[in-house]
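Look at the sequence and the structure first, then read on.

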Amino acid sequence: MSDITYASIDPRDPLALSILTSYLREEAELRDGVTPAPERLREALGSAEIAALQGTGGDLIIARRGDSVLGCGGVRWIDGDTAEPTLIYALPAFRDADIEAGIAAELARRTRLTGRRVTQPGDPR
């Protein structure tokens with residue numbers, strides 16, 4: 001899908017906060033069966049884990065088609081050699097369009113450009 005673009009974004013940017021809120025809300029609903037309270041969402045959005053997805057800590061990207069945000073994904077820089085993908089998410093309306101696979105591929109591409117390799121959670125380093 002060549003009409004999809006990917007861009008790094010500051011986790012505090014309103015677009016990032018919007019898509020991350022959708023991700024966190026859906027994750028909590030699936031895990032706990034209830035919609036999380038707004039204060040829990042604010043707490044999660046302000047977490048060190050999400051804040052670190054920029055600069056020396058990692059990269060947060062959004063996937064867009066025109067003005068529409070389709071999803072997001074992050075990668076944590078574990079060390080100078082390895083990185084770990086996180087928060088790969090597409091809005092439900094776009095899941096059948098392989099948006100999550102495109103986000104994962106873009107994160108892997110960006111990781112390779114830093115000289116790191118992508119690991120999965122739990123992989124030995």
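## The largest pocket

The largest pocket holds about 190 Å³ of space. This value, like the others here, comes from a predicted model.

The residues that line the largest pocket are Leu24, Glu27, Ala28, Arg31, Asp32, Val34, Thr35, Pro36, Arg40, Leu41 and Ala44. Sorted by class, 6 of the lining residues are nonpolar, 1 is polar and 4 are charged. Two helices, helix 1 (14-32) and helix 2 (38-45), each provide at least two residues of this lining. Helix 1 contributes the most, with 5 residues.

## The aromatic pair

A pair of aromatic rings is described by the distance of the centres and the angle of the planes. The model has 1 aromatic pair. The ring centres of tyrosine 23 and tyrosine 89 are 5.5 Å apart and the planes stand at 75°, so the pair is edge-to-face; planes over 60 degrees apart count as such. Because tyrosine 23 belongs to helix 1 and tyrosine 89 to strand 4 (residues 82-90), the pair ties together parts that are 66 residues apart in sequence.

Are these two residues buried or exposed? Buried means under 20% relative accessible area. Tyrosine 23 has 15% relative accessibility, so tyrosine 23 counts as buried. Tyrosine 89, at 5%, also counts as buried.

The model contains an open sheet of 5 strands in the order 1-2-3-4-5, with mixed pairing. Its edge strands are strand 1 (5-8) and strand 5 (117-118), and each of them pairs on one side only.

Strand 1 pairs with strand 2 (residues 58-65) in the antiparallel sense, over 4 bridges. Alanine 7 stands opposite isoleucine 62 of strand 2.

How values were computed. Residues numbered from 1 in each chain as written. Predicted model: local features only at pLDDT ≥ 70, side-chain atom pairs only at ≥ 80, totals over all residues. Heavy atoms only, no water. Pairing = 2+ DSSP bridges. 1 Å grid on protein atoms, 1.4 Å probe; cavity = no way out; pocket = protein on both sides within 12 Å on 5 of 7 lines; lining within 4 Å. Points joined across faces, edges and corners; volume = space filled by probe spheres on them. Nonpolar A, V, L, I, M, F, W, Y, C, P; charged D, E, K, R; others polar. Phe/Tyr/Trp six-rings, centres within 6.5 Å; stacked < 30°, edge-to-face > 60°. Buried < 20%, exposed > 50% of the residue type's maximum accessible area, 1.4 Å probe, protein only.
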